[in-house]
Amino acid sequence: MLGNKSSRRGSSRSDRLSSSISHTVATRRQRPAAKVRLTDRPELLKNPKARKTSAASKKTAKTRKKSNRLRLEPKKLSTPEYSLLGILATSCACIIATFITAANFDPARDAMTAMASLADDYYIEFLYPRTLGTQINDPAPILSKYTEAGLPSVRLSHLLVYNDGSHASYANYFNNKYYKCDTGHSYFSFYPVAPYGPRDYTVEYSPDCEEVL
């Protein structure tokens, strides 16, 4: 009797365990199936309203892309527009060149610059060696006498014709429609200074010039 009861109890327990295990296995198998849900997209696509909404959204996206492309692409200029731009650029360049020329144009200043260049060439090339003669290697004893009184004054006309007229082109600075000088009454006075080299001198100008325009 006891053996039968124990066997019945063992069998009942095993049945319970097997049923619980099978229930657990079944539950575990069913849980992923419960989590995985099919999307409702096929059903939505069957709906005409859903199709229209999707098509409208695609069309809007294409329109946006096309508008963005149009914004990014620069507008091409026509031939008349290019010609107009060329004319404007040329006009601006001419105006700028005119202003630069007007700012740099100064006949009186140009004449004084020409006088300084003439004086430098005349003293180095002609007056200095002619005054020293054979004492070219020992200039101090001779030139020191003229440091205060200066060498004899020289006319502008003489500077334009010395050395066979090699500086005659400078006359354009002293006789033009903007500025005129009386070359016979314009003088240069040279003063040697120590150590009495060919470039050791100062010059004083006595021009007789006037602006015409």
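The disulfide link of Cys 181 and Cys 209 is right-handed, with 110° about the S-S bond. The model is predicted: local features need pLDDT of at least 70, side-chain atom pairs count only at pLDDT 80 or more, and totals for chains, interfaces and linings use all residues. Residues are numbered from 1 along each chain as its sequence is written, and side-chain values use heavy atoms, with hydrogens and water left out.

**Disulfide**

- A search of the whole structure finds one disulfide (a pair of cysteine sulfur atoms within 2.5 Å).
- Cys 181 is joined to Cys 209, with an S to S distance of 2.0 Å.
- The link connects distant parts of the chain. Cys 181 sits in strand β2 (residues 179-181) and Cys 209 in strand β5 (residues 209-211), 28 residues apart.
- Cys 181 has 12% relative accessibility and counts as buried. Cys 209, at 23%, is partly exposed. (Buried means under 20% relative accessible area, exposed over 50%, partly exposed in between, with a 1.4 Å probe and protein chains only.)

**Chain overview**

- The chain holds seven helices and five strands. Both are DSSP runs, numbered from the N terminus: helices are H or I of at least four residues, strands are E of at least two.
- Along the sequence the pattern reads α-α-α-α-α-α-β-α-β-β-β-β.
- The chain has 213 residues, and 16% of them count as buried.
- The accessible surface of the chain is about 16,600 Å², with 57% of that belonging to carbon and sulfur atoms. Areas come from the Shrake-Rupley method with a 1.4 Å probe; for residues, only the protein chains shown count as cover.
- Among contacts in the chain with a separation of 6 or more, 68% involve residues 24 or more positions apart. Contact means heavy atoms within 4.5 Å.

**Sheet**

- Strands β1, β3 and β4 form an open sheet in the order β1-β3-β4, with antiparallel pairing. Two strands pair if DSSP finds at least two bridges between them.
- β1 (154-155) and β4 stand at the edges with a single partner strand each, so one side of each is left without a neighbour in the sheet.
- Helix α5 packs on this sheet and touches β1, β3 and β4. The direction of α5 makes about 130° with that of β4. The axes are lines fitted to C-alpha atoms, for helices over the stretch in contact, and angles run from 0 to 180 degrees between N-to-C directions.
- β3 and β4 run antiparallel and are joined by six bridges. Pro 192 has Tyr 201 in β4 as its bridge partner. Tyr 187 has Ser 206 in β4.
- β1 and β3 pair in the antiparallel sense over two bridges. Val 154 stands opposite Phe 188 in β3.
- β3 is mostly covered, with five of its six residues buried.

**Aromatic rings**

- A search of the whole structure finds 10 aromatic pairs. Rings of Phe, Tyr and Trp (its six-membered ring) pair if their centres lie within 6.5 Å; planes under 30 degrees apart count as stacked, over 60 as edge-to-face and the rest as tilted.
- Phe 126 and Tyr 162 form a tilted pair, 5.9 Å centre to centre with 55° between the planes.
- Phe 126 belongs to helix α5 (residues 107-132) and Tyr 162 to helix α7 (residues 156-165), so the pair ties together parts that are 36 residues apart in sequence.
- Phe 126 is partly exposed at 22% relative accessibility. Tyr 162 is buried at 4%.
- Phe 190 and Tyr 201 form another tilted pair, at 6.0 Å centre to centre and 50° between the planes.
- This pair, too, links distant parts of the chain: Phe 190 is in strand β3 (residues 187-192) and Tyr 201 in strand β4 (residues 201-206), 11 residues apart.
- Phe 190 is buried at 0% relative accessibility. Tyr 201 is also buried, at 15%.
- One aromatic cluster holds both pairs: Tyr 122, Tyr 123, Phe 126, Tyr 128, Tyr 162, Phe 190 and Tyr 201.

**His 167**

- His 167 lies in the loop between α7 and β2.
- With a relative accessible area of 7%, His 167 is buried.
- Neighbours within four places in sequence aside, His 167 is in contact with Leu 118, Asp 121, Glu 125, Leu 159, Leu 160 and Tyr 162.
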